[in-house]
Amino acid sequence: MSDDRMTGAQMLIRSLLDQGVDVVFGYPGGAVLPIYDEVFKQNRLRHILVRHEQGAVHAAEGYARSTGKVGVVLVTSGPGATNAVTGLTDALMDSIPIVCITGQVPTHLIGNDAFQEADTTGITRPCTKHNYLVKHVDDLARTMHEAFYVARSGRPGPVVVDLPKDVQFDTGTYVRPDQVEHKSYRPQTRPESDLIDRAVDMIAAAKRPVFYVGGGVINAGPHASELLTRFVRMTGYPCTQTLMGLGAFPASDPLSLGMLGMHGMYEANMAMHSCDLLINIGARFDDRVTGRLDAFAPGSKKIHVDIDPSSINKNVPVDLAVVGDAGAVLEAMIGRWKEKQAKPDSKALQVWWDQIDEWRGRQCLRYTPSDTLIKPQYALERLYALTREREDVFISTEVGQHQMWAAQFLRFEKPNRWMTSGGLGTMGYGLPAAVGVQVAHPDALVIDVAGEASVLMNIQELSTAVQYKLPIKVFILNNEWMGMVRQWQELLHGGRYSESYTAALPDFVRLAEAFGLVGLRASKPGEVDDVIREMMAVDRPVLVDVRVDPKENCFPMIPSGAAHNEMLLGPDDRAEAPVSEEGMVLV
Amino acid sequence: MKDEPVEKHTIAVLVDNEPGVLARVIGLFSGRGYNIESLTVAEVETGKRLSRITIVTSGTRMIIEQIKAQLNRLVPIHRVSDLTDEGPSVERELALIKVAGRGEPRVESLRIADIFRARVVDSTNESFVFEMTGSTGKLDAFIKLMEPLGLVDVARTGVVAISRGAKGL
Ligand SMILES: Cc1cc2nc3c(=O)[nH]c(=O)nc-3n(C[C@H](O)[C@H](O)[C@H](O)COP(=O)(O)OP(=O)(O)OC[C@H]3O[C@@H](n4cnc5c(N)ncnc54)[C@H](O)[C@@H]3O)c2cc1C
Ligand SMILES: Cc1ncc(C[n+]2csc(CCOP(=O)(O)OP(=O)(O)O)c2C)c(N)n1
């Protein structure tokens, strides 16, 4: 019995170990010192000291997304907690399971404006899936186990456990994970069988079908991606992926249409626009994907598979909603498809594929190559060509044009290899995320495809990479502009480039060296292959400053407020499609 | 979609009575821009520490469905029930209404209170406090009649509601 008596700080460590946690990303401070004392006294739990609490959360996100496990963060009260808020919001938007432990001032001081007090549960309530303030040590272990359960169950998300310092010192009784059951939270994972029946009938009867798959398939685990691949191949139907769904279906499969949406493939968007059946698996009809809602996939029937009922009929009304885990639903669909010996209408499908091939023939990713300037697309083409032989490549990105080009030009055959900030679009995500991925996969090739503006937002994490000998590669497409902002200003604001040029940038090579990384630079197309090879050869963290064409814009593009069939394919398309007034107000 | 009719719904929610739960519900409505016409909350099962929240809200059909899905998604929520959709229900609201005056208006207020079956729960030489229970519409009507008679203050509970028949939430 006395085995179970321990302090709150000890309980915290014990609960993490019992939850199978091996790494915590954190930053110390007064309100978590008892916990750090326990971290010091043990060696089963690895602590990665980041350089900023936002970095800790993004690192935990990278860890979580690349492993399927819950990422864990430990920060102090007040500024530690508020610094974590952007990361928490990011994880909420992208459905990433995180448990974030925040220190809090002692219970008797709460509400007194004590030193480094912030209303952490109040601040984080709207940016977490759930949060807790633990006021009694005997509630701590149960709360921790619940936090992990909530973070990973159903639609995953971030959970905050706010822990006052006196509770960390108090002695109480530990309970194990198997002694804890949540009172009310039981998300539905198994689909209703008659819905599967109807879905399979609709799928078999379609003439111009398209699978539209998203991050939910990745959330459902690698097995769900295998099932998806199997089912899509059984049908022979085309499959497009969202930004968050890249890797759920192999990019090299001829059935893949690549990414859809604002900067997605022409053929994917045209297929969405013209389909008679849209099969959404684990995607949430985001506005980057749908474009103008009243012109979205007109004339199609829609099936939506999602574990979160609130995702269904939120933006787009659907004809058949199947609530359940993507893996469980796909398994059931495959079973029913076989039972029914369903056969797609091969004639109709042939006509459909002929049409799609015609769209493919437009070669929407074409760009004008240059002998003198490095085109960002070229740099990524080369990056892909020189890394594709390796099985274990993980890519993270920052936010902007480079992110979209990375989504277009790097191809993913497997889930969990692509870490990007989709929903919140957080500049500064990619570098710390790469740190987290490399911690989880020490021998893998982990590359942050970055913009020079974004990477400066969490550049301090280079220091973390050096400390832990994490050989991440920061591949900066340096166009000196906030390229994505400049592109919108060019298209929507008459080319008035207000504050989108960074007039003083650091010398990134020397910056890398100052942090203890290897710094490389490419300024001409002929140098690109060499720096990529060298970057891969060096077994240390490397930063590559690729000086790209500062004026390149990212195409194809659906201007905001436009429909899927109103895509701009390149710079010359612009004049024909002015952006509507309604489109202007959209983000 | 813009022209869809706006419906008014009464939603009953059973939640764990834990700190912050009301803030979660209210934050959900304000954060997502949903209407709250009235909201009441009190613990109803002390042993199990369960509270019942009654919310009157309005929106298009799609919004109402979204509100219910969003409520259901909150971790400490046990059950969400749309009383407007799920068959007949009884809705009641309680109001305390203070009217001050002397002479004829004072007598008149008492007379009307009698017709409306409002009870006098406090009286002085120059004021009454009426207690009245009923539908929101009935309360509205009574309060309107009190206005010219020296209406001073109104306190209302907001709607509580329960389904008719034997079945529970
Ligand atoms: C600059 C910029 C440009 C962008 N342009 C594009 C673009 O062109 N195209 C594009 O696609 N995106 C784009 N995005 C990203 C976009 O904003 C959204 O983040 C993205 O489209 C959402 O992906 P998703 O629909 O797969 O949903 P996610 O955010 O991944 O959500 C997953 C969905 O699956 C559900 N789910 C979770 N777990 C499960 C499970 N186990 N089983 C079943 N369902 C589950 C969830 O409830 C949710 O509804 C862009 C972002 C940025 C920053
Ligand atoms: C934290 C944050 N602030 C502002 C923005 C708005 N924003 C989106 S893209 C972008 C420019 C990014 O520039 P850079 O990192 O250089 O990438 P590029 O678009 O040039 O490839 C900005 C400012 C954002 N997404 N995140």
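1. Glu43(B) and Arg49(B) form a salt bridge, with their closest N and O atoms 3.9 Å apart; the term denotes a side-chain nitrogen of Lys or Arg within 4 Å of a carboxyl oxygen of Asp or Glu. Glu43(B) is partly exposed at 31% relative accessibility, and Arg49(B) is partly exposed at 44%. Here buried means under 20% relative accessible area, exposed over 50%, and partly exposed in between (1.4 Å probe, protein chains only).

2. The model is predicted: local features need pLDDT of at least 70, side-chain atom pairs count only at pLDDT 80 or more, and totals for chains, interfaces and linings use all residues. Residues are numbered from 1 along each chain as its sequence is written, chains are lettered from A and ligands numbered from 1 in the order in which they are written, and side-chain values use heavy atoms, without hydrogens and water.

3. A salt bridge also links Lys68(B) and Asp85(B), at 3.4 Å from N to O. Lys68(B) belongs to helix H2 (residues 61-73) of chain B and Asp85(B) to the loop between strands E4 (77-82) and E5 (89-100), so the pair ties together parts 17 residues apart in sequence. Helices (H or I, at least four residues) and strands (E, at least two) are DSSP runs, numbered from the N terminus. Lys68(B) is buried at 13% relative accessible area, whereas Asp85(B) is partly exposed at 38%.

4. In Asp140(B) and Arg156(B), the closest N and O atoms of the salt bridge are 2.8 Å apart. Asp140(B) lies in helix H4 (residues 136-146) and Arg156(B) in strand E8 (residues 151-156), both of chain B, so parts 16 residues apart in sequence are tied together.
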